[in-house]
Amino acid sequence: MSDNTEPKLIYGQGAEACPEGNFCLYRANNFNAGQTPGRGDKILAIPTGAHVNDFSVYGFDHSGDGVSAVVNNTVEDNALFSAADQQGHSLPVERGVSIARLSDIPMAGSPNGSWNDQAQSALAARFVGNLRVDQELRGHWAEGPGHLYSYRLTMHAEDTRVMKWAVGFGGLPEGSSLSKTFIDTFWGEILRDGTDGAVLLGSPHGGGHSVDPGTALLIDIQVVYPDQSPAYERLTGLNAQQLG
């Protein structure tokens with residue numbers, strides 16, 4: 001491989017520090033803002049089509065030196081993984097997307113409840129595993145003092161049935177929450193309702209609503225935001241986890 005296709009450790013602050021055509025992992029929240037230059041502001045830049053099997057080789061591990069923010073400055077949909085060698089849970093990061101705080105993205109079973117410091121490997125190319133989730137904006141309208149956005153989440157199983165699962169997203173502004181209508185009618189578990197900036201839904205405690213190959217599972221979800229913004233048209237950090 002040439003130097004242009006090898007992942008490399010660089011230093012910098014801000015989303016703009018990520019070179020074009022790279023999937024960049026930042027050591028600290030808010031893209032290393034306020035970190036010590038050349039030491040605390042490290043970035044792992046992964047070129048399109050490359051992968052990293054273990055971030056600890058570059059000094060990123062499951063500690064305060066883990067991955068806390070990410071910038072996808074490529075034209076590909078990329079992914080982070082919670083275990084080495086592209087194993088464990090996966091967090092898709094769509095082309096052109098930046099996530100300033102992985103601590104805002106929920107993960108069931110994570111020691112800190114989020115993706116912060118949990119990613120351990122990456123694939124700088126689209127990843128399709130057994131369980132994945134797609135999103136579609138269905139519409140939005142005024143709802144009381146706020147604004148309601150309706151999304152359809154479509155969960156797919158590629159090879160094997162998934163009996164126990166979780167699906168979540170985060171980065172919601174203060175004052176957001178799941179709509180009362182959704183809370184009152186959802187058939188699964190609501191583990192986080194958006195009031196803390198994150199939503200985490202789980203499969204029903206008593207079973208049912210599995211995700212089967214060839215049969216998509218649909219969740220029509222509604223989020224009430226304090227205002228209206230184009231930023232709300234896509235959910236941030238949407239990911240599905242296979243738990244059993």
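Predicted model: local features only at pLDDT ≥ 70, side-chain atom pairs only at ≥ 80, totals over all residues.

1. Two strands are taken to pair if DSSP finds at least two bridges between them.

2. How many bridges join β6 to β7? Strand β6 (residues 78-83) and β7 run antiparallel and are joined by five bridges. Two of the facing positions can be picked out by name: Leu 80 stands opposite Leu 91 of β7, and Ala 79 has Pro 92 of β7 as its bridge partner. The hairpin of β6 and β7 has three residues between the strands, and Asp 85 there takes a positive phi near 60 degrees.

3. Turning to the whole chain, there are two helices and 17 strands. The radius of gyration is 18 Å, close to the 18 Å that the globule rule gives for 244 residues, so the chain is as compact as a globular protein of that length. Along the principal axes, the C-alpha atoms fill a box of roughly 50 × 40 × 30 Å.

4. Of the 244 residues, 48% are buried. The accessible surface of the chain comes to about 11,100 Å², and carbon and sulfur atoms account for 47% of that surface. Among contacts with a separation of 6 or more, 70% are between residues 24 or more positions apart.

5. The largest nonpolar core has 27 residues, and Met 155, Trp 165, Val 167, Leu 201, Ile 219 and Ile 221 are those with the most contacts inside it. Two or more residues of this core come from each of β10 (131-143), β11 (146-157), β12 (165-170), β15 (199-202), β16 (217-225) and β17 (236-242).

6. Which residues does Ile 219 touch, once its neighbours within four places in sequence are left aside? Its contacts are Tyr 151, Arg 152, Leu 153, Met 155, Trp 165, Val 167, Phe 182, Phe 186, Trp 187 and Leu 201.

7. The salt bridges number ten. In one of them, Arg 27 pairs with Asp 65, with 2.6 Å between the closest N and O atoms. This pair links distant parts of the chain, 38 residues apart: Arg 27 is in the loop between β2 (22-26) and α1 (29-32), and Asp 65 is in the loop between β4 and β5 (69-73). Is Arg 27 buried or exposed? Its relative accessibility is 19%, and the cut-off for buried is under 20%, so Arg 27 counts as buried. Asp 65, with a relative accessible area of 30%, is partly exposed.

8. Another salt bridge joins Arg 95 to Asp 77, the closest N and O atoms being 3.2 Å apart. Here too distant parts of the chain are linked, 18 residues apart: Arg 95 lies in the loop between β7 and β8 (98-99), and Asp 77 in the loop between β5 and β6. Asp 77 has a relative accessible area of 15% and is therefore buried.

9. A further salt bridge is formed by Asp 184 and Lys 180, whose closest N and O atoms are 2.6 Å apart. Both residues lie in helix α2 (residues 180-185), four residues apart, about one turn of the helix. Asp 184 and Lys 180 are both exposed.

Definitions and conventions
Residues numbered from 1 in each chain as written. Heavy atoms only, no water. Core = buried A, V, L, I, M, F, W, Y, C linked by side-chain atoms within 4.5 Å. Buried < 20%, exposed > 50% of the residue type's maximum accessible area, 1.4 Å probe, protein only. Contact = heavy atoms within 4.5 Å. Rg over C-alpha atoms; globule rule 2.2 N^0.38 Å. Areas by Shrake-Rupley, 256 points an atom, 1.4 Å probe, with all protein chains shown as cover. Salt bridge = Lys/Arg side-chain N within 4 Å of Asp/Glu carboxyl O.
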